[in-house]
Amino acid sequence: MKKLFIFSIGLFISSIIFSQKFEGLALTPPMGWNSWNKFACDVSEDLIKKMADVMVSSGMKDAGYKYIVIDDCWQIGRDSSGNIIPDPKRFPSGMKALADYIHSKGLKFGLYSDAGMKTCAGRPGSRGYEYQDARTYANWGVDYLKYDWCSTGTQNAPASYKLMSDAIYKAGRPVVLSICEWGNNEPWKWGAEIGHLWRTTGDIYHCYDCILNHGTWNQWGWTVILDMQHKLRKYNGPDHWNDADMMEVGNGMSIAEDRAHFTLWCMLATPLMAGNDIANMTNEVQEILTNKEAIAINQDPKGIQGLRYLYTDNLEIWVKPLQNDELAFCFFNRSDEPQDINFKWDKYRVEDGISKTDIYLNKTNYKVRDIWAMKDLGTTKNATLKKTIPPHDVVLIRLSK
Ligand code: GAL
């Protein structure tokens with residue numbers, strides 16, 4: 001009896017320790033493109049192939065983007081054996097051929113499903129078909145699964161996501177699992193064992209600070225979402241990311257707002273999933289999305305979510321500790337008027353318990369690099385950063401040794 005008890009305890013502990021997730025697939029925040037924000041249900045094989053082509057030709061692949069993710073509405077039903085069927089009108093060559101095409105460009109392929117009976121757009125969900133769907137995805141060559149939370153009724157969230165995670169693991173093909181239950185069940189507390197990223201909020205909208213009330217749910221401008229991230233800092237890190245949602249850069253905001261949105265997503269160390277029509281973006285939007293120095297801040301191997309270090313109603317100063325005791329500073333003018341900054345580096349100390357950072361800026365003479373201006377601004381010693389920041393815009397600085 002005693003032996004059986006010890007054996008059961010051992011089994012229980014090992015099932016917790018040896019989680020069934022493919023480890024190491026997202027050591028830095030995933031980067032890619034997702035169809036939903038711009039195209040919603042208007043997805044097709046032609047569109048997705050075009051996006052893959054442009055991801056390469058626009059320099060996005062070279063800048064680090066790799067996943068092409070088809071969101072909701074690719075699926076139309078199930079056959080008599082329960083196999084999921086892609087919409088044959090929109091995806092006439094099938095998903096395997098599309099995955100092969102994406103892979104031939106050196107990119108990775110992502111799909112969307114839902115833990116409930118139906119997806120949010122009313123297509124078939126994976127409930128009851130988890131193992132079968134995971135096998136299908138593996139056969140097609142899927143590398144990334146965004147798994148949503150519509151029509152889940154009284155389902156238990158950790159158990160539902162664990163079920164799909166186990167199914168993926170059993171199917172044998174490494175797949176990044178993107179948990180998308182909008183932060184309803186605090187996925188930051190259980191998601192790291194099961195998936196690689198989890199949405200922290202409901203859906204983003206392409207505006208600066210609006211709130212769109214749909215009755216039972218809201219959509220939020222990116223600054224509203226930004227304000228919801230702070231309390232989650234300690235949960236962010238390599239292979240398990242707080243996901244502040246796909247970006248709205250290039251979807252109709254001003255260029256300052258696009259730049260600020262992108263910069264803050266870099267500071268948060270959150271996934272960088274473009275959500276615009278990359279085949280028809282302006283040069284300015286392309287330059288934002290492909291700025292390698294900004295991306296390097298997002299992709300810093302330490303994976304520390306930046307902190308709002310100092311702020312007033314008008315101006316926020318964000319800091320992100322980077323590897324090698326380097327730092328990124330983002331000065332964000334939240335107001336509708338230009339704001340002056342006079343920032344004397346030597347006066348400041350960056351102390352952060354979560355990342356165990358304690359840096360006195362007067363002790364190291366850092367090189368100052370203005371990332372959007374692409375200019376070196378000397379060093380920090382006895383120096384003051386003087387700038388006027390236009391409304392809703394940012395100045396992004398990297399301090400390097
Ligand atoms: C939402 C999700 C969106 C998008 C949409 C598709 O639940 O948050 O990002 O995937 O469903 O119907």
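1. Asp72 puts a polar side-chain atom 2.8 Å from a ligand oxygen. A side-chain N or O of Asp148 is also 2.8 Å from an oxygen atom of the ligand. For Arg199, the distance from a polar side-chain atom to a ligand oxygen is 3.2 Å. A polar contact here is a pair of N or O atoms within 3.5 Å. The protein buries 95% of the 310 Å² that the ligand exposes when taken alone (Shrake-Rupley method, 1.4 Å probe).

2. On provenance: the model is predicted, with local features needing pLDDT of at least 70, side-chain atom pairs 80 or more, and totals for chains, interfaces and linings using all residues. Numbering runs from 1 along each chain as its sequence is written, and side-chain values use heavy atoms, without hydrogens or water.

3. Asp71, Asp72, Lys146, Asp148 and Asp203 are the closest. By class, the shell holds seven nonpolar and six charged residues, and no polar ones. Asp, Glu, Lys and Arg count as charged; Gly is among those counted as polar.

4. The ligand sits in the largest pocket. A pocket is an open set of points on a 1 Å grid where a 1.4 Å probe fits, with protein on both sides within 12 Å along at least five of seven lines. To sit there, more than half of a molecule's atoms must lie within 2 Å of the grid points.

5. Aromatic pairs number 22 across the whole structure (ring centres within 6.5 Å). Phe329 and Trp345 are edge-to-face (planes over 60 degrees apart), because their planes stand at 85°, with centres 5.1 Å apart. Phe329 lies in strand β15 (residues 327-333), and Trp345 in the loop between β16 (339-344) and β17 (349-352). Strands are DSSP runs (E) of at least two residues.

Note on methods. Near = heavy atom within 4 Å. Polar contact = N/O pair within 3.5 Å; in protein donor to acceptor, adjacent residues only side chain to side chain. 1 Å grid on protein atoms, 1.4 Å probe; cavity = no way out; pocket = protein on both sides within 12 Å on 5 of 7 lines; lining within 4 Å. Phe/Tyr/Trp six-rings, centres within 6.5 Å; stacked < 30°, edge-to-face > 60°. Helix = DSSP H or I, 4+ residues; strand = E, 2+ residues; numbered from the N terminus.
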